[in-house]
Each structure stands twice: as structure tokens, then as C-alpha cells.
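Student: I would like to learn how to read a structure feature by feature. Could you take me through one?
Tutor: Gladly; let us look at it together.

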Amino acid sequence: MFKYHCLNPIADIGLNKFTGNYEKTENVNEADGVLVRSAAMHDMELPEKLLAVARAGAGVNNIPLDKCAEKGIVVFNTPGANANGVKELVIAGMLLASRDIVGGINWVAANKDDKNIAKTAEKEKKNFAGTEIQDKKLGLIGLGAIGIKVANVARHLGMEVYGYDPYLSVDAAWNLSRDVKHVLNVDEIYENCDFISIHVPLVETTRGMLNKDAIAKMKEGVVLLNFARDLLANEEDVIEGIKSGKVRKYVTDFPNTITAGQEGCIVVPHLGASTEESEDNCAKMAVKEMMDYLENGNIINSVNYPDCDMGVCTQAGRVAIFHKNKANMITRFTACFGDEGINITDMMNKSKGEVAYTMIDLENAATEEMVNKLKVIEGVFRVRVVK
Ligand SMILES: NC(=O)C1=CN([C@@H]2O[C@H](COP(=O)(O)OP(=O)(O)OC[C@H]3O[C@@H](n4cnc5c(N)ncnc54)[C@H](O)[C@@H]3O)[C@@H](O)[C@H]2O)C=CC1
Ligand SMILES: O=C(O)C(=O)COP(=O)(O)O
């Protein structure tokens with residue numbers, strides 16, 4: 001029996017995929033797996049028993065990835081599962097920045113008791129007029145699951161699209177409209193685009209990349225859209241840009257004390273992935289990944305361990321070892337079984353950066369003694385008897 005805990009509400013359609021072998025627990029300390037959306041986990045004590053964290057979503061900056069890796073806790077996310085939800089809101093963001101739709105709606109609500117509202121509206125509407133997005137230039141920083149979708153739909157809306165992503169995957173390149181201008185220097189986006197939308201993960205190298213130096217290179221009246229993470233922008237610099245007239249609007253999905261209620265900022269309460277479809281997709285994918293890992297030891301879509309998939313174990317035993325990615329580890333692991341005369345029928349070793357994962361199928365189940373021998377090998381973080 002496995003136990004799981006939800007740090008955020010997770011869609012039932014996903015949770016219902018758990019079989020009778022799973023039980024929900026309100027006590028995180030007794031959970032084998034944790035499901036999470038945006039709950040902050042950095043200050044959380046990681047329970048000793050915990051084997052896996054599945055983020056029902058894309059961004060994992062709320063999870064201590066390295067700390068989890070060192071404890072042999074696999075962190076998963078759900079690539080692409082909420083990308084369409086975000087894409088649609090980015091398009092809405094461009095439209096909200098182009099015309100004062102919100103101002104207009106508020107005006108109507110404030111004048112609801114005016115018997116002549118139909119007539120007055122015709123006089124007032126000039127105050128909420130704007131521009132169109134067709135034929136404007138859109139620059140996308142990051143062409144992953146979301147960036148590609150925004151690029152392709154913007155082309156259909158008649159925009160000229162520039163894309164920048166130094167790590168563009170082959171899969172992404174296949175899915176990207178041929179009409180998107182792929183630039184190799186982000187400055188080309190800053191210098192040419194009327195709308196700039198950022199879709200990269202928040203990591204040390206991307207933190208604060210939309211700052212005053214970047215803004216200085218941009219066109220007068222640029223619209224900035226941030227549906228990725230607030231800390232990707234130096235928002236004090238963005239506010240300066242708005243005050244000076246250089247930045248026409250800043251559309252962000254991440255309210256904070258810098259942007260909330262600020263003139264020129266259109267702030268949405270982190271609604272990018274809050275659609276029925278995205279929530280369902282993410283929940284289903286997160287639960288599937290967690291079950292495959294808990295039951296079979298297979299890792300698919302992890303952000304802190306390599307993918308490693310040996311299917312369902314048909315042998316008597318399966319052992320999974322989390323360890324440092326360094327020389328001579330496999331020899332030492334195999335010796336632990338060889339010394340006891342246990343035959344290894346299959347094995348797989350994969351690495352990701354400084355960590356590695358080894359799965360070993362055995363003709364006989366591993367004994368406690370063998371597991372203890374593996375645990376004391378220098379560089380081993382965790383040994384898990386899957387079967
Ligand atoms: N507002 C919301 O509700 C949501 C926000 N997000 C945020 O959006 C981000 C992107 O999501 P996805 O597109 O699904 O992720 P993804 O992993 O599919 O795409 C990210 C892309 O950014 C690229 N990249 C990394 N560093 C870069 C750099 N310095 N310059 C340019 N490109 C760079 C990568 O090569 C990758 O193609 C997430 O990390 C998350 O922070 C994601 C989903 C929902
Ligand atoms: O997937 C992401 O990165 C998101 O930002 C969505 O967050 P949420 O699941 O809506 O709390």
C-alpha cells in the first residue's frame with residue numbers, strides 16, 4: 001500500500017487514477033509521494049519516508065531540487081500539460097494591453113444606473129480605444145511548450161513573430177511554424193519587437209533578465225508580458241520604464257507588492273494554468289508518473305534525476321540506487337550481488353549532472369544484508385527495494 005499527500009488541491013480526474021493500492025493521507029510525514037502545484041517547499045522539512053514529488057505543472061522553482069536529489073527523492077513535472085491554458089491567457093494579455101478593455105468594462109459597471117448609458121457610452125468610448133495586434137512584431141524568449149504555442153497562434157493572428165531559445169529542442173523546432181524568425185541573439189528581439197513575452201524557467205541564469213539594460217534596447221511603447229515568473233523581470237526597472245513612457249504596459253500573471261495596483265501594470269492572479277483542461281491534464285500526468293515510479297522504479301519526466309525506464313519487473317527482485325555520478329560505482333554495486341551468488345538479469349544506469357540512477361533486476365529478491373552493503377558505498381544517497 002502506498003500513501004500520497006496533496007500540498008495543493010489536485011484535480012479528481014487525476015487522483016481517481018490511483019488504484020486500490022493507494023491511500024490519501026493528510027499527514028505528509030507518512031507519505032510515499034507528494035503531489036504539489038505552487039506550494040512553497042523550500043522551507044519544508046523533507047520527510048525521511050518520502051520517495052517522490054510530482055509537480056502538477058511546469059515550473060519547479062518552488063521545490064528544493066538539489067536537496068531532494070541528495071535524499072534520493074525524485075521530482076517530476078508535467079511538461080506541456082498546461083501549455084495551452086497559458087497560451088490562451090497570453091493572447092488575452094496582448095489584447096488587454098492593446099485596448100483599455102478593463103477600463104471600459106469598469107466604466108460600464110460604474111454607470112449602470114445611467115438611463116442614457118447607451119448614448120453616453122458612444123461619447124465615452126474614445127477614452128478606451130486602442131490598437132490592433134495584427135502586423136505587430138511579437139518576440140518570444142523561450143520556445144518550449146508554451147512559447148511554441150504562442151508563436152504559432154500569433155502567426156495565425158497576423159503577427160510577425162521572432163523567437164529566441166539557445167537550447168531549442170529538435171521536437172520544438174519540428175512544431176514551430178516555419179514563418180517564425182529564429183534569432184540567435186536576444187537583442188534582436190529587444191530592438192525589433194512591439195510585444196515581448198518571456199517563457200523560460202526561473203533559474204539563476206534567467207533571474208532578472210528583463211532589466212533596465214534590456215529595456216534600454218527596446219522600442220518606445222513596448223508591451224512586456226510575463227506569464228513565466230515575476231523574478232525573471234527586475235520589476236522596479238519595468239515600473240521605471242512605464243513611468244518614462246518607454247514601456248506601454250506590463251502584463252504579469254504574478255501579483256506582488258511591486259506591481260499590484262500600479263499604473264501601466266495589468267496584473268492577473270496566477271491564472272495561466274487555472275483551466276479545467278490544464279488542471280485535469282497536469283493531474284493525470286503527475287499521478288501516472290508517480291505510480292510508475294512507486295510501483296516499478298521507472299523515472300519519466302523528472303527534473304532532478306535522469307529518465308530511466310525498464311518497464312514492469314518480471315524478475316524476482318528489483319533494486320534502485322541513487323548515487324553520485326562518478327567512476328567505479330557500477331562495479332561496486334554488482335559486486336554486492338555477485339558476492340552473494342545472485343544473478344543480475346537486467347540493469348540500467350543513467351546520469352543527469354552530478355547524480356545518477358541505477359536499476360538492477362535480480363533472479364532472487366535482494367536480502368537486507370545486500371541492501372545494507374549497497375547503502376554504505378561512498379556516494380550512495382539511497383537504496384530502494386522496488387520488488
Ligand atoms: N503562468 C502559469 O500559470 C504558468 C507558468 N509557467 C512558467 O512558464 C515557464 C515555461 O513553461 P514551458 O514552456 O511549459 O516550459 P518548457 O520547459 O517547455 O520551455 C522552456 C524553454 O525555455 C528555454 N530556455 C531556457 N533558458 C533560456 C534562456 N536563457 N533564453 C531563452 N530560452 C531559454 C528552454 O530551452 C525551453 O525551450 C515555466 O518554467 C514556468 O515558470 C508554466 C506553466 C504555467
Ligand atoms: O505550471 C506552472 O509553472 C505554473 O505556474 C502553474 O502553477 P499552478 O499549478 O497554477 O499553481
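Student: How many aromatic pairs does the structure hold?
Tutor: This is a predicted model, and it holds seven aromatic pairs. One of them is formed by Tyr 4 and Phe 18, with 4.1 Å centre to centre and 20 degrees between the planes.

Student: What do I call a pair with 20 degrees between the planes?
Tutor: The general idea is to look at the angle: planes under 30 degrees apart count as stacked. Tyr 4 and Phe 18 are therefore a stacked pair, at 20 degrees.

Student: Where in the chain do Tyr 4 and Phe 18 lie?
Tutor: Tyr 4 belongs to strand β1 (residues 2-6), while Phe 18 is in the loop between α1 (12-15) and β2 (22-24). The two are 14 residues apart, and their pair links distant parts of the chain.

Student: Is Tyr 4 buried or exposed?
Tutor: For this you compare the relative accessible area with a cut-off: buried means under 20%. Tyr 4 counts as buried because its relative accessibility is 8%. Phe 18 has a relative accessible area of 10%, so this residue is buried too.

Student: How is the pair of Phe 76 and Tyr 293 arranged?
Tutor: Here the ring centres are 6.0 Å apart and the planes are at 55 degrees, so the pair is tilted. Phe 76 lies in strand β5 (residues 74-76) and Tyr 293 in helix α11 (residues 276-296), so the pair ties together parts 217 residues apart in sequence. Phe 76 is buried, with a relative accessible area of 0%, and Tyr 293 also counts as buried at 0% relative accessibility.

Student: What sits over the ring of Tyr 293?
Tutor: The charged end of Arg 384 does, 4.7 Å from the ring centre.

Student: Which residues do ring pairs link into a cluster?
Tutor: When rings pair in a chain of links, follow them from one to the next. In this model Phe 2, Tyr 4, Phe 18 and Tyr 22 are linked into a cluster by ring pairs.

Student: Let us turn to the ligands. Which residues come nearest to ligand 1?
Tutor: Begin with the surrounding shell, then look for polar contacts. Around ligand 1 there are 26 residues, of which Ala 145, Ile 146, Asp 165, Phe 227 and Asp 253 come nearest. By class, this shell has 15 nonpolar, eight polar and three charged residues. As for contacts, an oxygen atom of ligand 1 lies 2.8 Å from a backbone N or O atom of Ala 145. A polar backbone atom of Ala 273 is 3.2 Å from an oxygen atom of ligand 1. Of the 850 Å² of accessible area that ligand 1 has on its own, the protein covers 84%.

Student: And what classes of residue make up the shell around ligand 2?
Tutor: That shell divides into three nonpolar, five polar and three charged residues. Among the residues around ligand 2 are Arg 37, Ser 38, Arg 55, Asn 82 and Ala 273.

Student: Which side chains have polar atoms 2.8 Å from an oxygen atom of ligand 2?
Tutor: Arg 229 has a side-chain N or O atom at 2.8 Å from an oxygen atom of ligand 2, and His 270 has a polar side-chain atom 2.8 Å from a ligand 2 oxygen atom. From the backbone, a polar atom of Gly 59 is 2.7 Å from an oxygen atom of ligand 2. Taken alone, ligand 2 exposes 320 Å², and the protein buries 88% of that.

Notes:
Residues are numbered from 1 along each chain as its sequence is written. Chains are lettered from A and ligands numbered from 1 in the order in which they are written. This is a predicted model: local features need pLDDT of at least 70, side-chain atom pairs count only at pLDDT 80 or more; totals for chains, interfaces and linings use all residues. Side-chain values use heavy atoms; hydrogens and water are left out. A residue is near a molecule or strand if one of its heavy atoms lies within 4 Å of it. A polar contact is a pair of N or O atoms within 3.5 Å; within protein, one must be able to donate a hydrogen and the other to accept it, and residues adjacent in sequence count only if both atoms are side-chain atoms. Accessible areas come from the Shrake-Rupley method with a 1.4 Å probe; for residues, only the protein chains shown count as cover. Ala, Val, Leu, Ile, Met, Phe, Trp, Tyr, Cys and Pro count as nonpolar, Asp, Glu, Lys and Arg as charged, and the others, Gly among them, as polar. Rings of Phe, Tyr and Trp (its six-membered ring) pair if their centres lie within 6.5 Å; planes under 30 degrees apart count as stacked, over 60 as edge-to-face and the rest as tilted. Helices (H or I, at least four residues) and strands (E, at least two) are DSSP runs, numbered from the N terminus. Buried means under 20% relative accessible area, exposed over 50%, partly exposed in between (1.4 Å probe, protein chains only). A charge sits over a ring if NZ of Lys or CZ of Arg is within 6 Å of the ring centre and within 35 degrees of the ring normal.
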